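The questions and answers below are meant for someone meeting this structure for the first time. Please look over the sequence and the model before reading on.

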Amino acid sequence: MDWCFCSLLWSFILLCLLVHVVCFIFGDADLTLQLASLIGHKPESRLRGLVVWVTGASSGIGEELAYQLAKCGSRLVLSARREDQLNRVKQKCLEISSLKDEDVLVLPLDLLDRKSHEEKTKTVVEYFGYIDVLINNGGRSQRSLFLETRVEVYEALMELNFIGTVSLTKQVLPHMTQRGRGSVVTVSSVVGLAGAPLSTGYSASKHALQGFFNSLRTELTDFPSILISMVCPGPVQSDIVNNSFTEELNKPVAVVGSQEHKMSTSRCVRLMLVGIANGVKEMWIAQQPFLIFYYAWQYAPTVAWAVTNQLGRKRVQNFKAGVDADSAYFTKPKTS
């Protein structure tokens with residue numbers, strides 16, 4: 001009898017390990033997020049009727065967030081600098097959902113204009129009465145080598161990605177603590193957990209966000225119904241490369257390659273909404289082989305350093321050869 005029980009127990013353990021291995025090999029998110037996607041709450045039920053403020057909503061991940069949230073029935077505040085693009089996004093939200101015109105507020109916002117954040121927050125609260133979810137998605141990336149980059153670029157990255165996000169959160173969070181519930185979701189990056197060449201300033205700003213919000217979460221233990229969640233996507237199809245900082249403030253990116261190898265924006269956003277609906281505190285979202293780097297940096301940093309140095313060298317070589325950095329892992333360096 002004991003032998004049969006032990007056999008069944010070991011068989012169950014081996015089956016669980018096999019399932020985890022299969023999920024890891026074929027998955028596109030960390031195991032917690034995958035589990036939530038399979039058996040957790042659906043965004044369509046948990047996010048319906050909530051007031052969700054999305055920054056960076058005029059393109060990329062922010063734009064897709066607006067569309068999927070609209071389909072979930074969330075009431076929306078769409079913010080970015082380009083009001084014409086926000087109006088375009090709003091119009092599509094109304095076309096693809098049952099939302100009415102008054103359910104979507106277009107609110108132009110510049111994260112660098114920190115003096116305006118208090119007034120913008122008041123506008124949202126006066127319009128909807130409260131804010132259920134703030135999604136900090138606004139920001140810019142970087143494509144340049146440190147030795148060639150002006151310090152002003154690093155200042156701009158930190159001011160926009162880090163200080164601007166903290167400033168807006170500073171205005172919104174008191175409304176949530178007053179109500180005793182809410183969610184602050186911040187889009188970080190895989191380079192917020194590890195390092196990558198050509199992104200020294202961008203990586204620094206995302207590391208800053210990780211440190212800030214992880215620390216903030218510990219300050220809010222008296223508010224268990226307030227979620228502080230970090231989203232760490234790997235390569236995703238979006239406009240972020242086109243809008244990246246380079247070695248000089250106003251210099252555009254020279255080469256923007258194919259994005260076909262990256263995760264689709266719709267899949268990334270779907271996983272984000274699953275994480276929000278299920279209260280996931282940190283989400284790792286990436287296809288293989290990128291997903292394995294999250295685990296390597298977490299559990300085997302020495303191995304991660306060795307692999308990163310090899311791939312980083314290739315990435316720099318491709319960048320210097322005029323090949324898009326994000327496709328460098330799949331493209332041989334050009335030779336003269």
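## A first reading of the model

Of the 336 residues of the chain, 49% count as buried, where buried means under 20% relative accessible area, exposed over 50%, and partly exposed in between (1.4 Å probe, protein chains only). This is a predicted model in which local features need pLDDT of at least 70 and side-chain atom pairs count only at pLDDT 80 or more, while totals for chains, interfaces and linings use all residues. Residues are numbered from 1 along each chain as its sequence is written, and side-chain values use heavy atoms, with hydrogens and water left out.

Q: What pLDDT does the chain average?
A: The pLDDT is the predictor's confidence in each residue, from 0 to 100, and 88% of the residues score at least 70. Over residues 331-336 the pLDDT is below 50. Where pLDDT is low, the predicted coordinates should not be read in detail. For the chain, the average pLDDT is 90.

Q: How many helices and strands does the secondary structure of the chain come to?
A: Helices (H or I, at least four residues) and strands (E, at least two) are DSSP runs, numbered from the N terminus. Counted in this way, the chain comes to 11 helices and 7 strands.

Q: Is leucine 109 buried or exposed?
A: Leucine 109 lies in the loop between strand E3 (104-106) and helix H6 (117-128). Leaving aside neighbours within four places in sequence, leucine 109 is in contact (heavy atoms within 4.5 Å) with residues including Trp53, Arg81, Lys120 and Leu168. The C-alpha atoms of leucine 109 and arginine 81 are separated by 5.3 Å, although the two residues are 28 apart along the chain. Because its relative accessibility is 7%, leucine 109 counts as buried.

Q: Which residue meets aspartate 28 in a salt bridge?
A: Side chains of opposite charge can pair when their charged atoms come close. A salt bridge is a side-chain nitrogen of Lys or Arg within 4 Å of a carboxyl oxygen of Asp or Glu, and here the N to O distance is 2.8 Å. Aspartate 28 lies in the loop between helix H1 (2-26) and helix H2 (31-39) and its partner in helix H9, so the pair ties together parts that are 239 residues apart in sequence. Aspartate 28 counts as buried at 15% relative accessibility, and the residue that meets it is arginine 267.

Q: How many residues apart in sequence are the parts that glutamate 159 and arginine 114 tie together?
A: Glutamate 159 forms a salt bridge with arginine 114, the closest N and O atoms being 2.6 Å apart. Glutamate 159 counts as partly exposed at 33% relative accessibility, and arginine 114 counts as partly exposed at 37%. Since glutamate 159 lies in helix H7 (residues 151-179) and arginine 114 in the loop between E3 and H6, the separation in sequence is 45 residues.

Q: What volume does the second largest pocket have?
A: On a 1 Å grid over the protein atoms alone, a pocket is an open set of points where a 1.4 Å probe fits, with protein on both sides within 12 Å along at least five of seven lines, and lining residues have an atom within 4 Å of a point. The second largest pocket is lined by 15 residues, of which Arg46, Leu50, Gly182, Ser183 and Ile276 lie nearest its centre. Strand E5 (182-187) and helix H9 (265-277) are the elements that give two or more residues to this lining. With volume taken as the space filled by probe spheres set on the points, which are joined across faces, edges and corners, the value for the second largest pocket is about 290 Å³.
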